[in-house]
Structure formats: structure tokens, C-alpha cells
Amino acid sequence: MESGAYGASLAGGAFDFMSFIKKPQTIVRILSWLFSIVVFATITGEGYVNPSHLPDTKCMFNGNDSACGFGVGIGILAFLACVVFIILDAYFPQISSAKERKNIVTGDLVFSGVWTLFWFICFCVLANQWSHTTEVAGIPVDAARAVVTFSFFSIVTWALLTTFAYTRYRHGVNDIDQGYTDPANDYSTPYPSTSAYPPYPTSGPEGYQQSPFTPQNQEHPAPYQPPS
């Protein structure tokens, strides 16, 4: 585990692009991003066909437009979420506040868990509708199978993202329990004591003598006399 809070190093370090790309979480998130593109782009481009006996286009999954719409919606939202979380992952080490890190990790954990469930539902719906599709004439069979396959792959990648987010969350909780101090709220930084500075002189330096030009009777001045 890296030093710091919530599985990331302390803020202030330089961004290393190669190290960021090689992280398992980044690799899995990029794969999830690509899988979502395959799903919604394939459905949008080839998922609606025009049977010979129907005037309107229908979804290639047993003519169920709701199945195609659900797959497109889940894919587009997953695509956008991956872009947002990739940016947050890159910016994450620069965040010094433990509270902000916790909010990001918690949001990643919740969203990844929910989208794992949604991808599972999407896979079940598409696989079920494809199994009930009897008329495949004019239907791009390879495209339909690709959508079902990458929906299943998305379940795996988003489950891994959920695991990574949970691990980071547990690391953050353990760091707080072990006495991690949020740099943004750290008021215990020692300041140099007053003894470190030389005392302010309250009197003249040693060996100081009164100015020879000071009149001796300065403490008792003579009374004022008007000029004659």
C-alpha cells in the first residue's frame, strides 16, 4: 500500500503518466470504457433492422426495442463515468484533503457496484431476448453476439473496479484509525519558540554612556524667563 490516504501517495508529487497507465485500476477502467463503446455503438449502428414484413425498424434482439434502449443507455452512462473517473484517478494524488479523497473513493465504490449490477441485468436481458429470436434473416448475427459477449465482459471489469474501490476505501479507513492527519486540517505544525529568537533589547547595549551633549539639568529645567 502506498503511503498517504485512501491508497494514494501524499499530495505534491509530480504526475507520472507511465506509472498511471500501468496501474491495474487504470487498465481495467480503460477496458470498461472500450467495452461500453462496443455495446452502445454496435446497438446504435447495427442493432435496429427492418424486417421484410414490417415497415418500421425493430431491435435485433427479438424485436424488443426496450432491450436495445436499455443496452444503449447503460453503455453511454458507463462510457461517461469511465472518462470522469479516469480524470479523477489522475488528479487523485494531487488532492491533499482526506475528506475529498473519501468522497471520490466512496462515489467510485457506489457507482461501480451499481453498474456491475446493471451490466448483469443488461447481459441477462440481451441474452434472453437473443435466445428467443427465431428469425435471423437480415440480422447481423455477429453484432448481436458481440453485444452479448461484451456485456458479460463488462460485468467482470466493473466487478474488479468495485473491488479496487473497496480496497482503497479500506486503506483510507485504516489510515485514519492509525492516526493519519489530514494536511488541510493539521494545526499541530510546530512553530519556532520565542526562545529561538534573540530577546528584544529593553535597555541600551552594555557599556552605553550618556551623550556628552545632554545638559546636566535636563531633569530639572530652569523656569522660563521672558526676554527683557
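Are Arg-29 and Asp-89 buried or exposed? Both residues are buried. The views below come from a predicted model.

**View 1. Helices H2 and H3 pack against each other.** Helix H2 covers residues 24-46, and helix H3 covers residues 65-91. Their axes lie 8 Å apart. The angle between them is about 150 degrees. Angles over 145 degrees count as roughly antiparallel, so H2 is roughly antiparallel to H3. The crossing of H2 past H3 is left-handed.

**View 2. Residues from both helices build the contact of H2 with H3.** H2 contributes residues including Gln-25, Arg-29, Trp-33, Phe-40 and Thr-44. H3 contributes residues including Cys-68, Gly-75, Phe-79, Phe-85 and Asp-89. By type, the residues of this contact divide into 15 nonpolar, 6 polar and 2 charged.

**View 3. A salt bridge joins Arg-29 to Asp-89.** The closest N and O atoms are 2.8 Å apart. Arg-29 sits in helix H2, and Asp-89 sits in helix H3. The two residues are 60 residues apart, and the pair links distant parts of the chain. Both residues also belong to the contact between H2 and H3.

**View 4. Arg-29 also forms a salt bridge with Asp-108.** Here the closest N and O atoms are 3.0 Å apart. Asp-108 lies in helix H4, residues 98-131, while Arg-29 lies in helix H2. The pair therefore ties together parts that are 79 residues apart in sequence. Asp-108 and Arg-29 are both buried. For Asp-108, the relative accessible area is 0%.

**View 5. Asp-108 meets Arg-168 in a salt bridge.** The N to O distance between these side chains is 3.5 Å. Arg-168 lies in helix H5, residues 141-177, and Asp-108 in helix H4. This pair ties together parts that are 60 residues apart in sequence. Arg-168 has 10% relative accessibility, so this residue counts as buried.

**View 6. Salt bridges link four residues in a network.** Which residues take part in the network? They are Arg-29, Asp-89, Asp-108 and Arg-168. Arg-29 forms a salt bridge with Asp-108. Asp-108 then meets Arg-168. How many salt bridges does a search of the whole structure find? The search finds 4.

Key. Residues numbered from 1 in each chain as written. Predicted model: local features only at pLDDT ≥ 70, side-chain atom pairs only at ≥ 80, totals over all residues. Heavy atoms only, no water. Axes fitted to C-alpha atoms, helices over the stretch in contact; angles between N-to-C directions. Helix = DSSP H or I, 4+ residues; strand = E, 2+ residues; numbered from the N terminus. Parallel < 35°, antiparallel > 145°, perpendicular 65-115°, else oblique. Left-handed = near helix turned anticlockwise from the far one by under 90°. Contact = heavy atoms within 4.5 Å. Nonpolar A, V, L, I, M, F, W, Y, C, P; charged D, E, K, R; others polar. Buried < 20%, exposed > 50% of the residue type's maximum accessible area, 1.4 Å probe, protein only.
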